[in-house]
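Here is a friendly briefing on some side-chain pairings and the residues around them. Have the sequence and the model open as you read.

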Amino acid sequence: MKTPNVLIKPILIMALVILSLTGTMAQRNVDVVTLKNGNVLKGKIVRQVPGQFIELETRDKNFWQFDMEDISDIRFEAKRMQKTAKDSLLMKNEGMFYEVRMGALVGNNDNKNNAPFSVLLSGSYLFKSGVSFGIGGGYEAYDEAQMPLFGEVKYHSKIKGVKAFLYCQSGYSFSLDNIDGQSYYYITNEDIDSKGGWLINPGIGFVLGNSSKTNFTLNIGYRYQKMEHKWHNTYSDDTEYLKQEINRLSIHVGIIF
């Protein structure tokens, strides 16, 4: 299965953004200098002459020089991120939460609507391990309206201090109406019977905000979905089938509470 060219550019942009966030949010090492008189200073060693002295820039932007004979220990420790009232990905460490997401499915030409509107609603239970399980449904406006029903698993964590989660949705999307046959094939004057199909949607999400009640989310993923259509060929008097494979970049902005 080939990846459509229209997906390559957005995927590369997404990868660059994630790499940039990872680099800028990386934890920095803090130099900890312990003197023989018991004083401890933290900062960044900006100059060091082995066996003679070091120069240390402290957090208040002052510079200190110490002879090596006055130093009892030099070590490094990870700089801790500032804690918030709720230092977890979501509002709670454990329990139910709900999410409403709106966005679009951008992608291939297997469907005339290249970026159908998508709205999803889900409810999940978050465990202390950071894993949550939930179910959801929604509405998506392909050529024919569809109602996806899915199960969802998430793993909530922090990526270099950024609150994030990995997720995967899987289920079945039901067609709510049929396609006008005249807009597709001259061989039928009847509507094409659309059956929908199963779907899977893995991706990554980010939580924007530190509220104890409500936060916003950004979800970026890959949607693979099958669709099946059936119609009566008026020329050959046969029943014919059309199977489609949908490959889309799914982008949703949500609110979680």
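**Briefing: rings, charges and a few neighbours**

Across the whole structure, a search finds seven aromatic pairs, where rings of Phe, Tyr and Trp (its six-membered ring) pair if their centres lie within 6.5 Å, with planes under 30 degrees apart counted as stacked, over 60 as edge-to-face and the rest as tilted. This is a predicted model, in which local features need pLDDT of at least 70 and side-chain atom pairs count only at pLDDT 80 or more, while totals for chains, interfaces and linings use all residues. Residues are numbered from 1 along each chain as its sequence is written, and side-chain values use heavy atoms, with hydrogens and water left out.

**Rings**

- One of the aromatic pairs is W198 with Y224, edge-to-face at 5.6 Å centre to centre and 65 degrees between the planes.
- This pair links distant parts of the chain, 26 residues apart: W198 is in strand β11 (residues 193-208) and Y224 in strand β12 (residues 215-233); strands (E, at least two residues) are DSSP runs, numbered from the N terminus.
- W198 is partly exposed at 39% relative accessibility, whereas Y224 is buried at 11% (buried means under 20% relative accessible area, exposed over 50%, partly exposed in between, with a 1.4 Å probe and protein chains only).
- Y125, F127 and F133 are joined into a cluster by ring pairs.

**Charges**

- The whole structure holds six salt bridges, each a side-chain nitrogen of Lys or Arg within 4 Å of a carboxyl oxygen of Asp or Glu.
- K154 bridges to E99, with the closest N and O atoms 2.7 Å apart.
- That pair spans 55 residues, from K154 in strand β9 (residues 145-159) to E99 in strand β6 (residues 95-107).
- K154 is buried at 2%, and E99 is buried at 1%.
- E152 and R101 meet in a salt bridge of 3.0 Å, N to O, and they lie 51 residues apart, in β9 and β6 respectively.
- A network of salt bridges links E99, R101, E152 and K154.
- The charged end of K154 also sits over the ring of F165, 4.4 Å from its centre (NZ of Lys or CZ of Arg within 6 Å of the ring centre and within 35 degrees of the ring normal).

**Around N219**

- N219 is in strand β12 and is buried, with a relative accessible area of 1%.
- Leaving aside neighbours within four places in sequence, N219 is in contact (heavy atoms within 4.5 Å) with residues including E99, R101 and F165.

Notes: Helices (H or I, at least four residues) and strands (E, at least two) are DSSP runs, numbered from the N terminus.
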